[in-house]
Amino acid sequence: MKYNHIQRFLSAALLLAFTAPSSLTASAYDSASLAPYTSSMVLSGDVKLTPKNDKITLSLRDSDVKQVLRMFADKAGLNVVFHSSVDGKVTLDLVDMPINDAFNLVLQVAGLNYYTQNNTMVVIAKDNADNASFSKQEMMVFPVKYVSAAKIADFLNKNVFGMKKAGLSSVDAATVNTATNEIIVFGMESDAVIVQKVIEQLDREPLTKTFAVNHTTPAEMANMICEMLLPSRGSSSSENSSGGFMPPTPGMGTTGGAAGIMTGGAASSASAGGGSSDELKLGEGIVACTVAPTASSSTSAPFDVQNLSVSYFPQRGTITLMGGSEAQINMVESFIKANDVKQPQAYLEVSIVELTEDGSKEFSNNWAIDTKNWFVSFNGTSTKGGRESSPGSKEFIPVQVIGPDGKLSDEYRTREQWYGSNAYISWTMNYIIESHKGRVLANPKLLITNGQTSIIDLTQDYVEKVTSEFLSSTGAGVGAVGTSQRTYSIGSDLGIKVELVPFISPDGYVTLNIKPEYSTIASQVTTPSETGEGTDLQATLLSRRNLDLKNVRIKDGETLVIGGLIQEEETKTISKVPVLGDLPVIGAAFRTSRSEKSKNELIIMLTPKIINDGEGSVADSL
């Protein structure tokens with residue numbers, strides 16, 4: 001007997017020696033580790049063997065677990081029933097421990113659970129399938145206000161009831177009424193306590209904050225938040241099964257991802273809602289992305305009812321964040337403040353000048369030999385000859401004669417009266433020089449923004465192709481009849497088009513990507529019409545003068561001149577009298593020559609002037 005007291009004393013001393021430092025260390029660790037968190041809760045069953053919860057001191061070695069639990073039941077004044085699955089032995093040394101805590105520890109070590117009905121305690125192995133029949137004692141309904149009841153029910157089944165803690169149901173006890181967003185629990189009264197705590201912890205009104213963007217479009221800022229900020233902080237789309245980041249849905253107005261940062265103005269109605277552009281849509285929002293942290297362990301289910309959702313309103317010029325934590329919202333707010341800044345702009349004066357120089361030289365000889373019976377003539381382009389009217393004919397030739405009064409009057413004479421037996425030779429020589437100089441000037445002025453494409457379009461529509469076809473129909477007793485129809489193909493790239501992409505640096509330089517295009521009609525190809533009437537335009541050939549200049553650097557206020565886009569054309573035509581036109585020296589009198597020359601040059605002059613409005617911009621924030 002004395003030996004047993006000594007043994008218990010030593011056991012208690014050893015137990016205090018090993019547990020006291022550990023308890024102190026754990027307490028200090030908990031106070032430090034829980035400091036950053038807003039709240040915490042213990043996920044364990046509310047084990048209440050007896051309301052008195054007296055302290056006990058107990059030391060056992062390899063004792064049958066049934067006998068140990070029977071002692072606890074006797075202490076609490078309860079009947080006890082053991083399921084056939086209860087088996088095993090336990091060893092314990094307890095000193096001044098509350099009886100409810102001691103009972104809970106024995107159940108956990110032995111892998112058991114218990115249920116109370118009236119004044120009787122039923123003990124069963126927690127992995128046994130009969131747990132369901134014992135745990136479903138009550139149906140309890142819990143309303144959920146702000147988050148999805150289905151999400152919380154899934155969380156309870158996987159992370160609370162699935163842990164098979166003593167004093168709680170060991171099966172999936174939670175289901176949901178989706179119509180009323182309520183959680184229904186089929187379990188015990190002790191389950192209600194932990195379910196209520198979980199709902200109070202998780203069913204909170206989502207954080208919501210709206211930011212106005214002043215210098216970028218809401219779509220572009222939302223894309224930057226979703227694609228740049230959140231993935232770099234370890235967040236990914238909750239709908240992406242691979243765990244990666246799901247980009248925003250296409251059709252949001254970027255521009256497909258438009259390059260650079262847009263300045264001012266809201267997106268159009270078509271880009272905002274995907275509908276037709278003539279619809280009036282006010283305040284319509286678009287979800288850019290929904291992100292959530294990836295679960296770090298496969299043993300616990302991720303809870304994503306408070307995911308951070310990023311949406312934007314093109315017409316309002318705002319971005320709205322919903323859900324997530326206060327730290328995430330503060331992070332996004334700092335990102336918007338750092339990036340929603342004015343982009344540098346410049347006033348660009350563009351002068352597009354087309355210098356045209358056309359000229360022609362013509363040297364022509366006109367010969368004519370007339371008699372009363374035959375004639376020969378050369379008019380500079382063709383030679384004619386032949387007999388006149390039959391000799392003795394009365395063909396009359398009009399002649400102007402000055403009368404006695406000094407006035408001109410018309411008289412008619414026959415060829416014989418006019419020519420008689422003589423031959424008349426006439427020769428006319430012409431030397432003509434024509435010169436044309438023209439200047440076509442376009443002088444647009446535009447405001448360019450850093451990184452954005454600006455286009456100067458001075459093109460016009462033209463007919464590329466004309467196709468004729470015969471639409472036939474057959475009437476009763478009549479052959480094929482019908483009408484002809486013409487189809488016109490219209491082009492729109494005839495003229496001048498200049499595309500500019502600027503980069504405005506803080507040191508007073510503007511770097512441009514310049515792409516001028518200039519096209520004129522070179523020739524047109526025609527073919528006989530299918531209808532048999534006239535010809536059809538088969539193709540229009542354009543003469544193009546294009547440049548593609550990269551990274552052209554211009555200082556603020558200076559002028560860049562782009563020239564050398566020259567188009568030159570020269571033609572020469574010679575007509576002559578056969579044989580005579582080929583004679584040396586005198587052959588020049590029987591030839592007509594015409595030469596034409598045209599020269600066009602396109603000159604582009606660019607003068608940028610950087611705008612400094614004195615307010616915050618990218619340059620000021622560097």
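Ground rules. The model is predicted: local features need pLDDT of at least 70, side-chain atom pairs count only at pLDDT 80 or more, and totals for chains, interfaces and linings use all residues. Residues are numbered from 1 along each chain as its sequence is written, and side-chain values use heavy atoms, with hydrogens and water left out.

Salt bridges, then. The cut-off: a side-chain nitrogen of Lys or Arg within 4 Å of a carboxyl oxygen of Asp or Glu. Side chains of opposite charge can pair when their charged atoms come close. I will walk through some of them.

Start with R61 and D93. Their side chains form a salt bridge, N to O at 2.9 Å. R61 sits in strand β1 (residues 55-64) and D93 in strand β3 (residues 89-98), so this pair ties together parts 32 residues apart in sequence. Helices (H or I, at least four residues) and strands (E, at least two) are DSSP runs, numbered from the N terminus. Accessibility next. Buried means under 20% relative accessible area, exposed means over 50%, and partly exposed is in between, with a 1.4 Å probe and protein chains only. R61 is partly exposed at 44%. D93 is partly exposed as well, at 21%.

Next, K209 and E333. The closest N and O atoms of this salt bridge are 3.2 Å apart. K209 is in strand β9 (residues 208-212) and E333 is in helix α9 (residues 326-339), so the pair ties together parts 124 residues apart in sequence. K209 is partly exposed, at 33%. E333 is buried, at 18%.

E333 has another partner. Its side chain also meets K337 in a salt bridge, at 3.7 Å, N to O. K337 is exposed, at 62%. Put together, K209, E333 and K337 are linked in a network of salt bridges.

Now S529. Where is S529 placed? In the loop between β23 (509-528) and β24 (535-546). Is S529 buried or exposed? Buried, with a relative accessible area of 8%. What does S529 touch, leaving aside neighbours within four places in sequence? S468, G534, T535 and D536. Contact here means heavy atoms within 4.5 Å. One more distance: S529 and R486 are 43 residues apart in sequence, and 9.9 Å apart in space, C-alpha to C-alpha.
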